[in-house]
Each structure stands twice: as structure tokens, then as C-alpha cells.
Amino acid sequence: MSSVLYDTPGPRAKRRNVLLSVVFFVLFALLLWWIWQTMDDKGQLRWALWEPFTESQAWTTYLLPGLGNTLKAAALAMVIALPLGALFGISRLSDHRWVRGPAGAVVELFRAIPVLLLMLFANEFYDRYTNVSSEQRPLYAVVTGLVLYNASVLAEIVRAGILSLPKGQSEAAMAIGLRKGQTMTNVLLPQAVTAMLPAIVSQLVVIVKDTALGGVMIGFTELLNTRGTLAANYANVVQSFVVVAIIFIVLNFLITSFASWLEGRLRRGKKSTGVVLGPATVEGTAATGAGGTI
Amino acid sequence: MPSPNRDQGGGTPRCPRTPPTPEAREIVFDFLSDYDDPSIWGAFWMTVKLTALSGVGSLVWGTLLAAMRVSPVPLMRGFGTAYVNIVRNIPLTVIIVFTSLGLADIFGMTMGASDFDVRGFRLAILGLVAYTAAFVCEAIRSGINTVPLGQAEAARAIGLSFSQTLGLVVLPQAFRSVIGPLANVLIALTKNTTVAAAIGVAEAALLMKEMIENEAQTLLIGAVFAFGFVVLTLPTGLVLGWLSKRLAVKR
Amino acid sequence: MKLRKVSAAAATALVLALTATACGGDNGDGDDTGSGSGGGDKIKIGIKYDQPGLGLKKPDGSFSGFDVDVATYVAKELGYEPNQIEFVETKSADRENALARGDVKFIAATYSINDERAKKVDFAGPYLLAHQDLLVKADSDITESTDLNGKNLCSVTGSTSAQNVKDDFAPKANLKENSGYSECIAALQSGAVDALTTDDSILAGFAAQEQYKGQFKLAGLKLSNENYGIGVKKGDTATVDKINAALEKMVSDKAWDKAVTDNFGPANYKNEPAPKIGNIVK
């Protein structure tokens, strides 16, 4: 796509591009060198500060249990939020005002409240009205908060995906006598989900990152939380943040890689349905949902 | 904003609360006026300032990143892609804390402020911009993809260079088609400013934590702040949603 | 089509597995931690996980610190062996709520007694008298709180100690708020701040850590009195009385002194003598 924006480089343009690349590279290398040098000056590269991460106990006592909880909360939130989001997204497109209205209100409300507050409310709710044990309550509260917010965002993504489909799809479905429900589940939803996969995936990444909010006020022992305990032991605050950041990057990279592999499979398998959805349309509508993905 | 330990020792809470009296109903919302440094209005004003300044900053930096990602220079494309994929995958808390622990403390980037309140505010904006720009970049890039190929081809045909094609023809159209997604980014940004509390910026979430710790009325205080955020974000969504429909390129 | 079925099956399996793990720990032990009768029950005690010398979760998963030793002793007097104790992390912001909800039986986590808190929880003790102090670099020339004028002072977000200094001693001190003490120490080490302020007991614990040995010193100022008490759910006077009896016994049979030596000895921390129960030093 990007190649449409500029001509195939000729000799002069090639030279200019190489020059720009070199300048850019030198600047970038200088920056990296400066970072390394300053870290070294301030003693942040001392092996003693990094060495704890080579010990098994740092992982088994702090990082892995934290990561486990992060993954558990994220996975639960994902499997609950995805169907719920689809349900709300479809409800917002309902022909009946009394379905459309409440669904819209719920989605708009939960999108507007910070996740941290949703978790806080959920925690109080479980304490007062259920007998969830105090060990499990933070997990429940974190998952609830994540589900409420992300299901709302996913609802918007699904809705945008369905709206992006050519009108002929639902018309054809009706013409062959499918009911509204059948049209939705057999024709529209599968196509919409495939089309919106990039946006859905970035929302899943958001879920993983937002588990970190559970450690702030309701004492959920996720990765960022156990990092604090680790740093208090080994006196390596900066290093612990670097390691945790890397863990998050790798984790989310795995999720996005898996998703793009899945997307490739789905796209290939869909050829026979005859949907004319140019990549531009797909990307464009994907953006409608992708925006909410922070 | 993980604050593993605040107020470890003690002393008295910073903002004393008037003792409960029988006229409970009158004083349920007492806490709203008890806090004056900052007041609830001051705290939300800080949230608004953070949102506005980071919003502008991330729009600029995000557009630049998007331009890099579609530029003819391979290294810039690589940098843009790597930046977006790394920054998007790190929790915002980590980024914000890093601006303070890393940039300010280790690399001495004091943001031209020796006063820690001002510095924290500027660092928070820097962190929010760095993070939000990745999302702005992706939104704009998908907007660029919605511009019909013919537009760019026509621009090139009349001899416009890459920057002219992008700046004069493609981006103006791309922006109009991504107002909706950008509005979503702005709403998310508004809520994300709460993370700035991690480095002590006196915005709404910090005040809320302080209030909850001092008042032990979690639900009521939480509801007040939730309402505040709804007031801030709902109109943003509605206005920009209307704008995106008005400005959409009819094709 | 085939793929979709496979992934649906996989997703179902995943959900089931996760639900199973999620509920695994939920074996109905409820919120009630017994009423001090002991027996085969467990007791949940709130401590800090990230304060060397007071309450620290160590790499091998065990806990150490003065608060931990006091809590263990008190639990024993209440009829719980060490293996029946379950330590729970109670962060400062969550201490009152954790007691009100009954998540923990009592809290020993650098919990200083004051009027505001006493409205929401009941306190046993005090069991330690600490003072607000400054931690500075070993070669620092800051010896008095007024020296802080124009200097950079670090404390934890929302903490009262730094504000106290600013209000009462050094109005021109430049206040930096970090999210934790570890972060403040890092800033002190890198020279970004000149001093860190909070209770001397906490500061001593950090200063005595292997990695920081010899780098920092306490200024030795007594800027405030912090009476560490054991927090108990409001109205549970029976437990308060039992804990007070346990604390008195701990002092009289010298276990208190041993806990002090064990935990504060390496820090070279000159602690105050054991406080009398109910004697809150203002």
C-alpha cells in the first residue's frame, strides 16, 4: 500500500534514501550509546543488580506467580468479554428500540468509566453481596472490571464490523429465507469477526496490560505487583521494571503473532464465500474499533 | 499505577475530616469540600490539562510516526513499526514510572523544571504522549488505507513528492475518516491520565485514593469520581462522533 | 469450517480449565478467621511484603521482619502455631478496609495509631515507638530538618511524612513523590533527591540491606512520634485485650528484645525501649 505514495526510487532517490537511512541510523546509534553510557555511569548496569534474574527463586517466588495471576485474569476476562461483547454489539443493532436503547446505554456507560474504578466497585460488590473468599475476591473483581470495560469496547468493534459488511449480504440472506437470528449468526457475525480481527486482537492486548491495574488498589498479586516485592528484596527497581516490561512485550507479541496467523487462516478459508471486502475497507473499519484500544 | 506502599508510617491523614454529626445526610458529601489541596475541581482540572496537552502532543507525534511507517526510507519504516509494536505492548504504568525513574533520575532529563510538581506533570505528559502516539499512529495509518489509490496516484502523476502527496492529499482525507477512532483514543487518554498518579501528579485518581484512604467510603467516593469521568468523556464521544459524520468523505 | 470447530472446542476446554483453576483455591474457608480459639483453623494476619526489617517476603517465600516476629508471637498467644499463620499483604491504603471486611484477623504493618484511624479500627499496643526521620547519603551534610530548605526530598505518593516536613520544618524543601520507598531509595542513590523521609524504623531496614550497606545514614532526627499498633476490626475488644496481654508477655519474657536485635541489630538502629500498652506518645 505504502508504495502507492511514492514513485519507485530512481538513482537519485535511492541515493537520497540511503543518505537519510545513514543519518537516521547514526542518530539512533548515538542515542543508544548515550543511554548505555549514562546507565553505566549511574551504576545501573552493575551485574549485581541484574544477577537476581538468573536465580530461580526470583522467578518462582515473585515473577512466575505474578505472571500466572496476570495470565489467569486476562484469560478469564477474554473468554467472558468476547461473547458478551458480541452480544451487546448485536443488541445495539437490534430492530427493537427496547433492546437497542439499554444495550447502547450500558456500552456507553462502561466505556466512560476508568477500569480501575470498575474494579474497585466490583471488589466492594463481591464483599457485600457474595461470599467469595477473600483470597479469590481480587481475582473476581479484576476480571469483572476488565469484562465490563472490554466487553463494551468489543461490542463497538463488532458493531462496526457488521456495519462495514456490504448490504447485499443481509439482503441475500433474507432472500433465501433466513430469519434475522440466522442471518446474524450464520452470515454477518462470522464475516464481521474476521474483518475486525486486528481490532479485536489489540483489545485482547489491552486486557493483558490492564490486569496491572488490579495491583493498585485491590491487592491483586499480578506481575507488576510482585515486581514491587522483588525490588524491595534485591534493591533493583529500575532493573525489575525493565524485566517486567520485557515480559509484557514478549507476552503480547505472542498474542498478536498468534492472531495474525489465525487471521491468515481465516482469510484463506473464506475465499469461497464470495465477500468483496477489499483490504482497504477492512483496515478502515478496523480502525473504528481500534481507536478504543488503549 | 501500582503504588506498592504509600503512607507506610503514619502521621495523621493529610486532610482531616469533620467528625460525623447526626445530620448525616447533609454531610455525606462533606468530603467534597473538605479537600482543598487540591480540591476536587482542581484535581479534575489537572486531568483535563493532562488530557488536552497529551492529546495535542500524541496527535503530532502519532502523525509523524504514521508518516515514518509509510515513508520510502526503509530504516524509518522499521523504526516506526518497532516503536509502535513495543510501546503498545507495555503497560502504561511502566512507561509513566519510567519517565520519572529513568528519564528524570538516571538520564537527568528534568524537563526544564526543578520543582517536582511541575516536572512530574511534564514527565507524565511525555509518557502519555509516547504511549498514546502509538495508537494515534495506527488509527491514522488505517485512515491512510481508506484513501482510494487513485488519489495518491493522481498526486504523483502531477509531480508531487512523497511529503507533498502525504501532507496535501492523503493525510487531510485520512484524518477526516479517522475522527471516530481518534475520538476513542482521546476518551481512552482521558481515563489513562489516572495513571499519572503513580508519579505523584495531583490529578483526580490521586485525590480519590487519598479520599478513600481517609474516609473509608469507597463506594460513594468512587461513584463521585466515576461520574466526573463520565461527564468528561461522554460529551467528547458525542461531539466527535457527530463531527466524524459531518466531515466524513462521501464516497 | 473445520478450523472453527477445532478452535471452538479448544476455547471450551480453555474455559473449563481456567474455571477449574480459578475455583481451586476457593474451598469455602470463608472470611471468618475464627475467634481466637485456635484449633485446626488458620489465622490470617496482614503485614507488609516490601519493607526490609519490618515485613518482607523473601526469595525463598518465607517472611521476615520485626512486624512479622511480633505477629507470629501474638498469634502463638492466641493459640496458633506458626504453620497455621497465613500472611496476607495489606497495603497502606487498604488496611482499614481489610479489617472491616474481615479479610484478616489483625494487622501488624507499620500501622501507627492516630485519631483518624482509631475511628475506623481498634488498636492493640503500641508495640514500637518510631520517629519520623531522614535518610541521606553517607557523606551528606544534612543534619537538621531545616537543612532541607532548597533541597530535594522524596517520599511516597500521598504520604503524610513529607508534607509534615514541608509544613513544619523546611517550607522551601522541594518534594518528590514516588510510588514506593524502593523508588525513593533509587532516586537517593542516583542523586536525584537529597533525602528520603519516613519512619526511622522503615529507613533503617532499607539502609541495612546488603546492596545499600554503607551508602546511607539516618540523620537521627525525631520529627514525630509514630506509635505502631496492631489493628483489629472495630468493636472486637476481646481480641484487642488478648493481643495486649500477648504483647505484654512478649516484652516481659524478652522475646521483644530478641526480635529487636534480630531485625534492627544489623541496621544499627537505636530503637526506643518497649512502649507501655496503651501509652501513646503524642
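## Strand S8 of chain C

Both faces of strand S8 of chain C are covered in this predicted model. C:Asn152, C:Cys154 and C:Val156 lie on one side, C:Leu153 and C:Ser155 lie on the other, and all are buried. Since 5 of the 5 residues of S8(C), which spans residues 152–156, are buried, the strand is largely enclosed by the rest of the structure.

S8(C) pairs in the parallel sense with strand S9 (residues 174–178) of chain C, over 5 bridges. Within this pairing, C:Ser155 stands opposite C:Glu177 of S9(C). S8(C) is also joined to strand S10 (residues 195–199) of chain C by 2 bridges, and these two strands run parallel. Here the bridge partner of C:Leu153 is C:Ala195 in S10(C).

## The antiparallel sheet of chain C

Strands of a sheet pair through backbone hydrogen bonds, in a parallel or an antiparallel sense. In chain C, 3 strands form an open sheet with antiparallel pairing, in the order S2-S3-S4. Its edge strands are S2 (50–51) and S4 (63–64) of chain C, each of which pairs on one side only.

S2(C) and strand S3 (residues 55–57) of chain C run antiparallel and are joined by 2 bridges. C:Gln51 has C:Gly55 of S3(C) as its bridge partner.

## C:Tyr269

C:Tyr269 belongs to the segment that follows helix H9 (255–264) of chain C. Is C:Tyr269 buried or exposed? With 21 other C-beta atoms within 10 Å, C:Tyr269 is buried, because the cut-off for a buried residue is 20 or more such atoms.

Leaving aside neighbours within four places in sequence, C:Tyr269 is in contact with C:Asp200, C:Ser201, C:Ala204 and C:Phe264. C:Tyr269 and C:Ala207 are 62 residues apart in sequence, while their C-alpha atoms are 9.8 Å apart in space.

## Chain B: overall make-up

Chain B has 11 helices and 0 strands. Read from the N terminus, its elements run α-α-α-α-α-α-α-α-α-α-α. Of the 251 residues in chain B, 53% are buried. Among the contacts in chain B with a separation of 6 or more, 73% are between residues 24 or more positions apart.

## Chain B: helices H9 and H11

Helix H9 (residues 179–192) and helix H11 (residues 218–247) of chain B pack at an angle of about 170°, and their axes are 8 Å apart. The angle makes H9(B) roughly antiparallel to H11(B), because angles over 145 degrees count as such.

On the H9(B) side, the contact is made by B:Ile179, B:Gly180, B:Ala183, B:Leu186, B:Ile187, B:Thr190 and B:Lys191. The residues from H11(B) include B:Phe229, B:Leu232, B:Thr236, B:Gly237, B:Leu240, B:Leu243 and B:Leu247. By class, this contact of H9(B) with H11(B) comprises 9 nonpolar, 7 polar and 1 charged residues.

## Contact between chains A and B

The contact takes 56 residues from chain A and 64 residues from chain B. On the side of chain A that touches chain B, the elements giving two or more residues are helices H1 (11–41), H4 (97–112), H5 (115–129), H9 (197–210), H10 (214–217), H11 (223–234), H12 (237–269) and H13 (279–290) of chain A.

Which helix gives the most to this side of chain A? H12(A) does, with 9 residues. By class, the side of chain A that touches chain B has 35 nonpolar, 14 polar and 7 charged residues.

Technical notes:
Residues numbered from 1 in each chain as written. Chains lettered and ligands numbered in written order. Predicted model: local features only at pLDDT ≥ 70, side-chain atom pairs only at ≥ 80, totals over all residues. Pairing = 2+ DSSP bridges. Helix = DSSP H or I, 4+ residues; strand = E, 2+ residues; numbered from the N terminus. Axes fitted to C-alpha atoms, helices over the stretch in contact; angles between N-to-C directions. Parallel < 35°, antiparallel > 145°, perpendicular 65-115°, else oblique. Contact = placed C-beta atoms within 7 Å. Nonpolar A, V, L, I, M, F, W, Y, C, P; charged D, E, K, R; others polar. Buried ≥ 20, exposed ≤ 12 C-beta atoms within 10 Å, placed from the backbone.
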